[in-house]
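Student: I would like to learn how to read the features of a protein model, one at a time. Could you take me through them slowly?

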Amino acid sequence: MTIHRIRLLGDPILRAKCEPITKPRSTAVRVIMDDMRETLRDWQSRFGSGRAIAAPQIGAPVRVINVEMDQPWTLINPEIIDIGNEDFEVWDDCFSFPNLLVRVSRAHRIRVRYQDLKGEWTEVEVEGDRAELLQHEIDHLDGVLAVDRPQGLDPFCLREEWHRLHGPGGRYGPPESRSETYATSL
Ligand SMILES: [Zn+2]
């Protein structure tokens, strides 16, 4: 397994329309998934944050996402097949621009279809933080970043400033409404 450099905003590979995986059980796919997991865990151990990673962020323009929340979860060729009516706003962040927060609007509930490690198609319905996380990651597979989805007035905030405003003892205190949720998705 290899820990990769995270590709940063400006790298053209982050704008690629990623290719579908045709052989989910192949060795090549296994290597990419292992490297994504290793790279994400390395980031978590160094910075204490990070919930998911998309393949283009390690330089592989293919449709794979790795989520590490309560347990490892790999989604191959994921697609959103249904979106709920309710939206919510979050301050989103990303490994690929770690010091910038962007206020975006996401659907509260989505239904996602994907292939698992055996190549079996599965459907899952997720809401809240999991829903916005998967929307962020699936965007990556289409070359779309949170900076492309700014919402409302003054939608960009440097992390340091965000903590100054909203952190403990900050000028505005912690966000109270859901519209000011800090996603910490990275
Ligand atoms: Zn990201």
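**Reading the features**

Tutor: Let us start with aromatic rings: Trp43, Phe47 and Phe95 are joined into a cluster by ring pairs. Before going further, note that this is a predicted model, in which local features need pLDDT of at least 70 and side-chain atom pairs count only at pLDDT 80 or more, while totals for chains, interfaces and linings use all residues. Residues are numbered from 1 along each chain as its sequence is written, and side-chain values use heavy atoms, with hydrogens and water left out.

Student: What describes a pair of aromatic rings?

Tutor: In general, a pair of aromatic rings is described by the distance of the centres and the angle of the planes. Here, rings of Phe, Tyr and Trp (its six-membered ring) pair if their centres lie within 6.5 Å, and planes under 30 degrees apart count as stacked, over 60 as edge-to-face and the rest as tilted. By this rule the count comes to three aromatic pairs. In one of them, the rings of tryptophan 43 and phenylalanine 47 have centres 4.6 Å apart and planes at 45°, so this pair is tilted. Both residues lie in helix α1 (residues 27–47), four residues apart, about one turn of the helix; helices (H or I, at least four residues) and strands (E, at least two) are DSSP runs, numbered from the N terminus.

Student: How are the rings of tryptophan 73 and tyrosine 114 arranged?

Tutor: Their centres are 5.9 Å apart and their planes at 80°, so the pair is edge-to-face. This pair links distant parts of the chain, with tryptophan 73 in strand β3 and tyrosine 114 in strand β6, 41 residues apart. Tryptophan 73 and tyrosine 114 are buried, where buried means under 20% relative accessible area, exposed over 50% and partly exposed in between (1.4 Å probe, protein chains only).

Student: Which residues touch the most other members in the largest nonpolar core?

Tutor: In soluble globular proteins, nonpolar side chains tend to be buried together. A nonpolar core is a set of buried Ala, Val, Leu, Ile, Met, Phe, Trp, Tyr and Cys residues joined through side-chain atoms within 4.5 Å. The largest one has 17 residues, of which Val67, Trp73, Leu75, Ile110, Val112 and Leu134 touch the most other members. Helix α2 gives the most to this core, with five residues.

Student: How many salt bridges does the structure hold?

Tutor: It holds 21 salt bridges, a salt bridge being a side-chain nitrogen of Lys or Arg within 4 Å of a carboxyl oxygen of Asp or Glu. One of them joins glutamate 123 and arginine 111 (2.9 Å, N to O), and this pair links strand β7 (residues 121–127) with strand β6 (residues 109–115), its members being twelve residues apart. A network of salt bridges links Arg109, Arg111, Glu123, Glu125 and Glu127.

Student: Which residues are the protein donors of the zinc ion?

Tutor: Donors are N, O and S atoms within 2.8 Å of the metal (3.2 Å for Na, K and Ca), and sites may look incomplete because water is not among the atoms. The protein donors of the zinc ion are Cys94 (SG), His136 (NE2) and His140 (NE2), lying 2.1 to 2.3 Å from it. Cysteine 94 lies in the loop between β4 (87–92) and β5 (100–107) and histidine 140 in helix α2 (residues 129–141), so the pair ties together parts that are 46 residues apart in sequence. Both cysteine 94 and histidine 140 are buried.
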